[in-house]
Amino acid sequence: MSGGEAWRGNIKARLYERVRERGYDSLTAFAEARPAVPLYALADELGNDVAAVQLLSGLLAEAERSKKVTRFVRDVLVRLLSQSLPNGWPDVLDDANRFKVAKALGSWTAYTPETHEERARLVGDALLANPPPAGWRPLGPDDELLRTLLPDEEA
């Protein structure tokens, strides 16, 4: 993204136009076809005039409409872990790896809707207190460990 093009014009219309051009009827369908791909990479795929935060906002709006916010929250964590820990969970939490984990969890908490902030904090605490096996790399929001830590509650 360069020169602020992402903030000009009708952002929502641009997002939907781009995903439809790629054969998807929603932002969620587009993202689900690319599990564990970082949000910035998804935005880049849609064009240099699309920002990751715009895509994030659109995905959250769709999740709220479909009552799948918890799944959205898990999906965002997966994408941030993939970005910060591309080789999976580290076997040792030395300073460098602790920073990578903290960056992923901190960003995730910041991107989590207010309705799920407390649950996200508890998930982060649980992952640090009882780390997953070395190399653990969730491949999507339906990862067994993530569903255990953050089960769906919407009806």
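Biologist: Which residues does Asn97 touch, not counting residues up to four places away in sequence?

Modeller: Asn97 touches Pro90 and Val92 once those sequence neighbours are set aside; contact means heavy atoms within 4.5 Å. This is a predicted model, where local features need pLDDT of at least 70, side-chain atom pairs count only at pLDDT 80 or more, and totals for chains, interfaces and linings use all residues. Residues are numbered from 1 along each chain as its sequence is written, and side-chain values use heavy atoms, with hydrogens and water left out.

Biologist: Where is Asn97 found, and why does it count as buried?

Modeller: Asn97 is found in helix H6, helices being DSSP runs (H or I, at least four residues; strands are E, at least two) numbered from the N terminus. Its relative accessibility is 16%, and buried means under 20% relative accessible area, exposed over 50% and partly exposed in between (1.4 Å probe, protein chains only). Asn97 therefore counts as buried.

Biologist: How do you know how confident the predictor is in the chain?

Modeller: From pLDDT, the predictor's confidence in each residue, on a scale from 0 to 100. The mean for the chain is 93, with 95% of its residues at 70 or more. Confidence is lowest in H1, at a mean of 94, and highest in H2, at 98.

Biologist: What makes Phe72 and Trp108 stand out in the largest nonpolar core?

Modeller: Phe72 and Trp108 touch the most other members among its 37 residues. A nonpolar core is a set of buried Ala, Val, Leu, Ile, Met, Phe, Trp, Tyr and Cys residues joined through side-chain atoms within 4.5 Å. The elements giving two or more residues to this core include H1 (11–21), H4 (52–65), H5 (69–84) and H6 (95–111). H5 gives the most, with eight residues.

Biologist: What is Trp108 in contact with, leaving aside its neighbours within four places in sequence?

Modeller: Trp108 is in contact with Val73, Val76, Leu77, Leu80, Ala120, Val123, Gly124 and Leu150.

Biologist: Why is H5 described as it is relative to H6?

Modeller: Their axes come within 9 Å and cross at roughly 150°. Axes are lines fitted to C-alpha atoms, for helices over the stretch in contact, and angles run from 0 to 180 degrees between N-to-C directions. Angles under 35 degrees count as roughly parallel, over 145 as roughly antiparallel, 65 to 115 as roughly perpendicular and the rest as oblique. So H5 is roughly antiparallel to H6. The contact involves, among others, Val73, Leu77 and Leu81 of H5 and Lys100, Ala104 and Trp108 of H6.

Biologist: And what makes H1 roughly perpendicular to H4?

Modeller: The axes of H1 and H4 cross at roughly 85° and come within 11 Å. That angle falls in the perpendicular range, so H1 is called roughly perpendicular to H4. In H1, Ile11, Leu15 and Tyr16 meet Gln54, Leu55, Glu62 and Arg65 in H4.

Biologist: Ser26 has its place in the loop between H1 and H2. Why does Ser26 count as buried?

Modeller: Its relative accessibility is 17%, so Ser26 is on the buried side of the cut-off. Apart from neighbours within four places in sequence, Ser26 is in contact with Tyr16, Val19 and Glu62. Ser26 and Leu59 are 33 residues apart in sequence, and their C-alpha atoms are 8.8 Å apart in space.
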